[in-house]
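Below is a short briefing on one protein structure. The sequence and the coordinates come first, and the notes follow by topic.

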Number of protein chains: 2
Amino acid sequence: MSEPGDSASVAERIIAGDRNALSQAITLIESTRDVDQQRAEELLEALAPHAGGSQRVGISGVPGVGKSTLIDYLGSWLVEQGHRVAVLAVDPSSTVSGGSILGDKTHMTRLASLDGAYIRPSPSAQTLGGVGTRTREGMLLCEAAGYDIVLIETVGVGQSETLVAEMVDTFVVLMLAGGGDELQGIKKGILELADIVAVNKADGDNVPRAREAVTEYSGALRYSRRSGDAWTPKAMLSSGRTGDGLPELWAAIEEHREAIAASGELDRRRQRQRVSWMWGLVEETLLRDFRRAVATTGMLASVEQKVIAGECTPRTAARELLFGEPGEGD
Amino acid sequence: MSEPGDSASVAERIIAGDRNALSQAITLIESTRDVDQQRAEELLEALAPHAGGSQRVGISGVPGVGKSTLIDYLGSWLVEQGHRVAVLAVDPSSTVSGGSILGDKTHMTRLASLDGAYIRPSPSAQTLGGVGTRTREGMLLCEAAGYDIVLIETVGVGQSETLVAEMVDTFVVLMLAGGGDELQGIKKGILELADIVAVNKADGDNVPRAREAVTEYSGALRYSRRSGDAWTPKAMLSSGRTGDGLPELWAAIEEHREAIAASGELDRRRQRQRVSWMWGLVEETLLRDFRRAVATTGMLASVEQKVIAGECTPRTAARELLFGEPGEGD
């Protein structure tokens, strides 16, 4: 009944804090084999009651802003305070190259060496939505395993930010101060998502410019309605290298969470997130099943051939795959 | 028969170089109304034989790297050489915020004032794939209108880069030189996509560091197989501000195109692009039709309610929407 590997016993081992069981489970949920997906579903259903108990924090910013260094320092400090910290990642390029530099232990050497920390690189998947779903499931597993803080790293700009912002309680965006470019790289969407902006690399000669950047961002953030009336997003200084500003950053993250918990916004946010999780799964299944269906009938091969040869337009070909005959409407 | 606005006459006006007809047509293809979609399809089918005749160049890079300034300078120079230049954009955040700072005429004031240029911001859509499809269609319309160069701007990192790289003949990535961070921000995926890397802001005091960056990138690019044996991606200096390096950049873009045309790689690339265009349309339609179907039966509302209340997991809910009853498999 309790064979090693059956879902109930794996679930027990995860809850008991067995790190190997957790890693195996996360690998399982990333597998595309049908038999693995079946086991993964059983495991996730079994552990769902044990999920939800962490502080979920997203950390975003363009490449080069210093995310890894900051997470290494902050995460280690949190473990020293007695927390158990999981670091996951959503890397938009993991749908392409099959490898990711986010969640890379070689860039978080101190944290990776601590027993109270667990680091995992971004999952790969066919679509960004699929990466998001795998990451949410990984977060569920880490929570069941007793990690009380989950940091989710992503690369700043666009859809992966939105995806991560929809998985976490608090979304932190790291920015740099430099020349007159502070606002040039800002996309409206980034400021609309941020609960906290940390102006990183605020050390050495950089501090005066970093303070200016904090002032500029604070002004822009005053208009954000992301957390409703419960919280006005704030900008602050940080240095992932020296550790300056990191305790204050964590204090702000906790302050944010208390504020939105008190106002009911946290519950609303998590409800919306469950719904968007559901849609991610729906979209992923729809596309996967469709691709299989048209591949097995042989229609896919013949239609693709016509498109390659330029004998019909992509639009007409799409209609033929979807509806059976070119020119038939829906 | 030839009422103003019917597809055949709009098509004729576009081919004749009527700028208003082009703008109206691009607005039409971005509309989600069914009646507009019908007209858009007729127009695109009518103009498809007139497409394909431009040099398609993607220009990517993180926010702050200077894309708008460079496109403004380069585009204006190309128009002065007698070309007709269209500038389109794929902005991943245009699925969220509904507005985009890419393809923004206020940042390309010189180019926007020239008759031989046409600038359009990123289309909005439900998904990034939808944005890509609209942009491909916009490109088709611009080519039918006689633009012989189409520049597609995107923000560097992740899926939007991949999307644009799959629409163009030559993909140019702009990078900055700065401190020791040249390679820190590089994602493997970016180098795998680039046909040319331009180290921008190579002016004034920045030139020595820019030269070092060119050397580093050249080394890394030597291993790229993106264009097979026909082309080894190269790195070069550029300044969108002074114009230095821009004629050389364009010469390299043309050199790339000739090389892949001669090797057959250009034809293969465009064939793959037509197929991926087809898939973009398929996915978009699948999701849209599914959402409508479950919304109209009322099932969506009841399932979402259970998820919001925490009465069932997102995974179970997804299965219920897809297959009708919780627990029924596929």
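What covers the buried residues of H13(B)? The cover includes helix H3 (34-47), H6 and helix H11 (265-296) of chain A, together with helix H11 (265-296) and helix H12 (299-308) of chain B. This is a predicted model, in which local features need pLDDT of at least 70 and side-chain atom pairs count only at pLDDT 80 or more, while totals for chains, interfaces and linings use all residues. Residues are numbered from 1 along each chain as its sequence is written, chains are lettered from A and ligands numbered from 1 in the order in which they are written, and side-chain values use heavy atoms, with hydrogens and water left out.

**Helix H13 of chain B**

- Helix H13 (residues 314-323) of chain B has eight of its 10 residues buried (under 20% relative accessible area, with exposed over 50% and partly exposed in between; 1.4 Å probe, protein chains only).
- The buried residues in H13(B) are B:Pro314, B:Arg315, B:Thr316, B:Ala317, B:Ala318, B:Arg319, B:Glu320 and B:Leu321.
- After H13(B) comes B:Gly324, with a positive phi near 100 degrees.
- Helices (H or I, at least four residues) and strands (E, at least two) are DSSP runs, numbered from the N terminus.

**A:Glu137**

- A:Glu137 sits in helix H6 of chain A, and its relative accessibility of 1% makes it buried.
- Beyond neighbours within four places in sequence, A:Glu137 is in contact with A:Ile29, A:Leu44, A:Trp277, A:Leu281 and B:Arg315 (contact means heavy atoms within 4.5 Å).

- Chain A is assigned domain 1 (1-50), domain 2 (52-262) and domain 3 (276-323); the bounds come from an automatic or database domain assignment.
- The centres of domain 1 and domain 3 of chain A, taken over C-alpha atoms, are 33 Å apart.
- The whole structure holds seven cavities of 30 Å³ or more; on a 1 Å grid over the protein atoms alone, a cavity is a set of points where a 1.4 Å probe fits but cannot get out, and lining residues have an atom within 4 Å of a point.
- The largest cavity has a volume of about 70 Å³, the space filled by probe spheres set on the points, which are joined across faces, edges and corners.
- Domain 1 (1-50) and domain 2 (52-262) of chain A both contribute to the lining of the largest cavity, so this cavity lies between them.
- Helix H2 (19-30), strand S2 (85-90) and helix H6 (128-144) of chain A each supply at least two lining residues.
- Among the lining residues are A:Ile29, A:Glu30, A:Leu88, A:Arg120 and A:Arg134.

**Strand S1 in chains A and B**

- In chain A, seven of the seven residues of strand S1 (residues 55-61) are buried, so the strand is largely enclosed by the rest of the structure.
- S1(A) pairs in the parallel sense with strand S4 (residues 149-155) over seven bridges, and A:Ile59 has A:Glu153 as its bridge partner there; two strands pair if DSSP finds at least two bridges between them.
- S1(A) also pairs in the parallel sense with strand S5 (residues 170-175) of chain A, over four bridges, where A:Val57 is partnered by A:Thr170.
- In strand S1 (residues 55-61) of chain B lies B:Gln55, which is buried at 9% relative accessibility.
- Residues that B:Gln55 touches include B:Asp148, B:Asp169, B:Trp250 and B:Arg257.

Note on methods
1 Å grid on protein atoms, 1.4 Å probe; cavity = no way out; pocket = protein on both sides within 12 Å on 5 of 7 lines; lining within 4 Å.
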